[in-house]
Structures are given as structure tokens and as C-alpha cells.
Amino acid sequence: MTQTQATVRRHVVVDSAIDRAFSVFTERFGDFKPPEHNLLSAPIAETIFEPRVGGHIFDRAVDGTECRWARILVYEPPVRVVFSWDISPEWTLETDLDMTSEVEVRFYEETPQRTRVELEHRGLERHGPSWEAVARGVEGDEGWPLYLARYAALVAGTDVSATGRRQNP
């Protein structure tokens, strides 16, 4: 991982064909997103990744409220997806779209059954004077490293429950 020019980069390699690696990332995003990463006042019932340009990534709480915290900017299966990061340095929903960053995820076939997944969270400086707080949050152990570790476990056929125990699906 490096952080240069307000960019955080991470990657993971999964033992999966590129099509499956991409579909698990987009279709099962809510299965690896930590449930405690919640901007709503009630627990999350589900996280939805709408698979199209103009779609959103959003959380729906058990009480039915929703938080649309990302917009799908590029959707190119099975090689690339880009979404906005509409979360402020205070970890609240950012409504000023000029003060949001973006996350690009690229999928590279290393072999027919092995895929390298590269994540780049860029434009962090657009979050304003406190952009470093966002950078620290997404690059730290509870940020993209956690998401990618949970994603890799899901691709491998194990899932990490909210209690941290690994379970086979």
C-alpha cells in the first residue's frame, strides 16, 4: 500500500476466474462490507450495489431507512468498476459532490483461475481541509485492508461473520 498525492492503493490476489472475482465483488459487496461501517441510526439489514452506471451503493437499515453513500461512475464487467466515496471526514454523508473522492477497482487475470484485484482510492484531497482523516480511515486496518481480506475470504468460500468467526457458506 502507498499513499501519494492523496491516493490510497491496495491489492489482493484471489484464486478465482476473473468473471467470478468481479461478480463476487459487485453482487456480494454487502457480504464483505463490515456491518459496523454504518452511517444510519439503525443496524444495517443489507448493502446493495446497483450494477450500472448511475446506480448506487447503499445501506438499508432494519427500520427501512437508506443511506446512499456511493454512486457507480464506471461499470465494465469483468475488468473495472469505479464508484464515488460520498462520505465526509466526519464519517457522515457528504452531499456536496465536489467534495467526494472515487474508488477504482480493477480486475486482472493472472491465470484462468487466479485474479489480481487492485483498488485505488483517489482524489482524497477533495474532501477538504480534513481529507487526511479520510485517508487514515480507508488505509488503516479497519478500512480497505479489512474489506479486501473479507472479500478474499468470501471468494475462497469462507465468510467472516460479524463475530469474526470464519464459517463456510
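Visitor: Phe-25 and Tyr-151: buried or exposed?
Guide: Phe-25 is buried, and Tyr-151 is too. Buried means under 20% relative accessible area, exposed over 50%, partly exposed in between (1.4 Å probe, protein chains only). This is a predicted model: local features need pLDDT of at least 70, side-chain atom pairs count only at pLDDT 80 or more, and totals for chains, interfaces and linings use all residues. Residues are numbered from 1 along each chain as its sequence is written, and side-chain values use heavy atoms, leaving out hydrogens and water.

Visitor: What is the relative accessible area of Tyr-151?
Guide: 0%, so Tyr-151 counts as buried.

Visitor: How many aromatic pairs in the structure?
Guide: The structure has 17. Rings of Phe, Tyr and Trp (its six-membered ring) pair if their centres lie within 6.5 Å; planes under 30 degrees apart are stacked, over 60 edge-to-face, the rest tilted. Take Phe-25 and Tyr-151: ring centres 5.4 Å apart, planes at 75°, so edge-to-face.

Visitor: Where do those two sit in the chain?
Guide: Phe-25 is in helix H1 (residues 18-27) and Tyr-151 in helix H4, 126 residues apart. Helices (H or I, at least four residues) and strands (E, at least two) are DSSP runs, numbered from the N terminus.

Visitor: And Phe-32 with Tyr-151, what geometry?
Guide: Edge-to-face, because the planes are at 65°, with centres 5.4 Å apart. This pair also links distant parts of the chain: Phe-32 lies in helix H2 (residues 29-32), 119 residues from Tyr-151 in helix H4. Phe-32 is buried, at 0% relative accessibility.

Visitor: Which residues have the most contacts inside the largest nonpolar core?
Guide: Phe-25, Phe-83, Val-105, Phe-107 and Tyr-151, in a core of 40 residues. Helix H4 (residues 144-155) gives the largest share, six residues. A nonpolar core is a set of buried Ala, Val, Leu, Ile, Met, Phe, Trp, Tyr and Cys residues joined through side-chain atoms within 4.5 Å.

Visitor: What does Val-105 touch?
Guide: Beyond four places in sequence, its contacts include Phe-25, Val-81, Phe-83 and Leu-119. Contact means heavy atoms within 4.5 Å.

Visitor: New topic. Where is Trp-69?
Guide: In strand S5 (residues 66-76). Trp-69 is buried, with a relative accessible area of 4%.

Visitor: Which side chain has a polar contact with Trp-69?
Guide: Asp-59, at 3.3 Å. A polar contact is a pair of N or O atoms within 3.5 Å; within protein, one must be able to donate a hydrogen and the other to accept it, and residues adjacent in sequence count only if both atoms are side-chain atoms.
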